[in-house]
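Please look over the sequence and model shown here. Some questions on fold, packing and backbone follow.

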Amino acid sequence: MRTNLGVPVRRQLYRVASEEVTVWITETDDDLTAVSRWAAEQHHRPIAFDTETTGLDAFVPDFRLRTVQFGHETTAYVIPVDTASVPSGYGRRALHVASGILRTLPHVVIHNATFDALIADRHMTGVELSDLWARVTDTATLAHLCDPRGPEDGGPGLGLKSLCARRVDPQAPDTADGLNAEFRRLGYTADTGWARIPIDNPTYTLYAGLDVILTSRLFTSLHREVTERGFQRLSRFEHAVSLVCAKMESAGLRVDPEYLRSLRTRLASESDRWSTAAREFGVTSVNSPSQVASALTGMGEVLTETTEKGALKVGKEVLLPLADLDRTWSRIGAREPNPLAHAVLRAKRASKWQASYVDAMLSRRDAHDRIHPKIASLKARTARMSISRPPFQQLPSSDWTIRQAVIAEDGAVVGAVDYAAVEMRVLAALSQDETMMQAIIEGQDLHDVTARLLYGTDFTPFHRKVAKSINFGKVYGGGAVSLARQTGAPLAEVTGAVRQYDQLYRGVRRFSRRLIERADYGRRQVVTPSGRVIPLDRRRTYAAVNYLIQSAARDVLAQALVELDAQGLTGYMRLPIHDEVLFTAPREVAAEVGQQIQRTMRVADFRGVPLDTDLQVGGTSWGSLYGAPA
């Protein structure tokens with residue numbers, strides 16, 4: 001066979017780590033027989049699996065699976081299965097053969113396994129997610145356990161290219177970048193190229209095959225390190241968590257298209273209105289930092305923070321205090337709001353919500369008006385989970401506007417169970433601070449306790465806000481300057497309150513100092529209760545407390561997900577978001593389901609501290625849990 005470019009593609013050669021590797025592309029029924037025979041002979045070794053598709057959204061109606069790849073360290077087979085690109089009879093037979101191979105391989109290695117496993121579950125014949133997952137090792141999971149740092153922090157990140165460049169071959173090709181370059185050469189974009197590039201394009205087939213060869217080699221390196229460092233139990237745990245998240249991603253969330261279309265119109269109007277208001281101050285584009293900074297300084301505002309290139313910062317963290325708003329967009333009451341800062345914030349938020357949420361939900365619906373957000377169960381340095389496509393974790397905690405678009409199934413309602421001040425409780429447990437632990441055991445509100453200790457029994461709501469910010473500052477690593485900006489309190493007052501806080505919670509202070517000194521003079525890392533090792537940056541060892549608490553709190557939620565799955569409750573669960581589990585259930589059993597989830601999530605004794613949970617059962621929309629009108 002020759003491609004439309006005149007290049008034979010049945011067998012392609014390449015060199016990885018100075019060793020010749022071979023990529024085979026199946027074209028005939030005899031080829032399918034050959035690859036089946038090859039797979040049957042590989043039962044003694046892990047085999048890497050990968051797919052090429054028309055895009056990232058496996059549930060949209062026009063999604064297609066284009067090729068399936070299997071391979072080990074030196075050999076890969078690329079099997080075209082897309083009946084829109086190959087003769088339909090052959091495509092169906094190829095898919096049947098590829099599915100049969102995947103069903104019978106005893107050990108499958110996948111990089112970013114959730115994506116390809118969900119595609120296999122949905123688009124391959126007879127492949128079932130849980131059965132496949134029992135045989136899968138995700139090299140991205142192993143990589144995170146070995147080094148969770150991103151490239152920006154000196155780590156390899158979780159990308160196949162960067163990992164292979166460090167562990168397999170410094171010259172390992174960036175197959176994604178290479179394909180994007182080929183898309184541009186052919187006149188396609190990064191979005192359209194995956195669906196339109198000819199399925200026999202030699203760059204396409206070569207890179208498809210190289211991905212499984214590189215994944216196989218990466219597995220060998222990572223598996224060795226995971227074993228040497230004793231991370232096997234943690235690896236099994238993380239794979240179990242990933243399966244639960246994959247099940248939730250597959251189930252998805254129902255959305256209300258009519259509400260979304262109405263909201264899109266409303267947000268577009270709001271963006272225009274506030275952009276017009278900004279133009280009254282000489283800002284023709286709210287997305288121009290230089291224009292916004294110039295106008296603000298012209299109004300007498302003092303901007304002190306700069307970017308690495310020396311430009312004045314005017315991001316949300318700077319503008320919110322100028323608009324007298326806290327992180328929940330509630331009035332602080334510390335100053336008269338700057339009208340330009342307020343207008344810029346409102347205009348940009350409306351525009352972002354329209355693009356990131358409304359348009360995303362409308363375009364990514366499946367045939368049943370459900371969306372399937374990506375749930376990354378192991379993300380960031382601390383392993384905190386994240387939600388993307390759309391980024392639901394970035395929604396403000398006090399607003400129901402976007403959440404109102406997510407609705408329950410017919411006859412069902414939405415509920416949520418979340419941990420009560422989990423990070424503060426984890427801080428108390430890990431530090432063994434007697435004052436904090438006693439307050440929790442007695443059922444007191446920790447922010448009230450801190451405010452009373454700092455300001456006396458007649459503390460005001462503003463005092464409580466300062467106390468709350470200092471509490472969370474100990475968790476998130478915020479200094480006095482950032483706390484003053486968030487609360488609107490004078491810097492001197494916040495500095496004094498922080499100093500007094502350290503005297504009141506001596507256990508927290510000792511715990512923090514011990515972690516930082518250990519990092520400064522010993523290994524720059526923290527080890528979590530679950531055995532996770534988190535590297536620290538030389539200049540940011542103060543982040544040790546933050547990393548340890550966030551990671552421990554995340555592992556509490558992750559363990560709960562595994563236990564909920566074991567109890568058969570995953571069918572009700574929709575999202576793990578921050579420290580809560582969102583669920584839907586038939587109205588008549590919703591309270592009972594919620595109570596069972598609540599009991600399972602609760603931890604009676606976490607190093608002497610109870611990790612309590614709160615249950616909310618709302619109406620037919622997610623927004624009902626946030627005060628949306630019925």
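This is a predicted model: local features need pLDDT of at least 70, side-chain atom pairs count only at pLDDT 80 or more; totals for chains, interfaces and linings use all residues.

Residues are numbered from 1 along each chain as its sequence is written, and side-chain values use heavy atoms, with hydrogens and water left out.

Q: How many helices and strands are there in the protein?
A: Helices (H or I, at least four residues) and strands (E, at least two) are DSSP runs, numbered from the N terminus. On that basis the protein has 23 helices and 20 strands.

Q: Why does the protein count as being as compact as a globular protein of that length?
A: The radius of gyration is taken over C-alpha atoms, and the globule rule is 2.2 Å times the number of residues to the power 0.38. For 630 residues the rule gives 25 Å. The protein is close to that, so it is as compact as a globular protein of that length, with a radius of gyration of 27 Å.

Q: What percentage of the 630 residues count as buried?
A: Buried means under 20% relative accessible area, exposed over 50%, and partly exposed in between (1.4 Å probe, protein chains only). Of the 630 residues, the buried part is 53%.

Q: How far apart are the mean positions of the positive and negative charges?
A: Lys and Arg count as positive and Asp and Glu as negative; His and the chain ends are not counted. Each charge is placed at NZ of Lys, CZ of Arg, CG of Asp or CD of Glu. There are 77 positive and 73 negative charges, and their mean positions are separated by 3 Å.

Q: What is the distance between the end C-alpha atoms of helix H18?
A: The expected span of a helix is 1.5 Å times one less than its number of residues. H18 has 16 residues (461-476), so it should span 22 Å. The model agrees, with its end C-alpha atoms apart by 22 Å.

Q: Which helices do the buried residues of H18 pack against?
A: The buried residues of H18 include His463, Val466, Ile470 and Val475. The buried residues of this helix pack against H15 (422-431), H17 (446-455), H19 (480-487), H20 (491-504) and H22 (544-566).

Q: Is Asp324 buried or exposed?
A: Asp324 sits in the loop between helix H13 (316-322) and helix H14 (339-363). Its phi is near 60 degrees, a positive value in a residue other than glycine. The relative accessibility of Asp324 is 1%, so it counts as buried.

Q: What is the relative accessible area of Asp369?
A: Asp369 has phi near 60 degrees, a positive value in a residue other than glycine. Its loop runs between H14 and strand E9 (370-371). Asp369 is partly exposed, at 27%.

Q: Which residues is Ser242 in contact with, leaving aside its neighbours within four places in sequence?
A: Ser242 is found in helix H10 (232-251). At 7% relative accessibility, Ser242 counts as buried. Its contacts beyond those neighbours are Thr114, Trp133, Thr141 and Ser377.

Conventions
Contact means heavy atoms within 4.5 Å.
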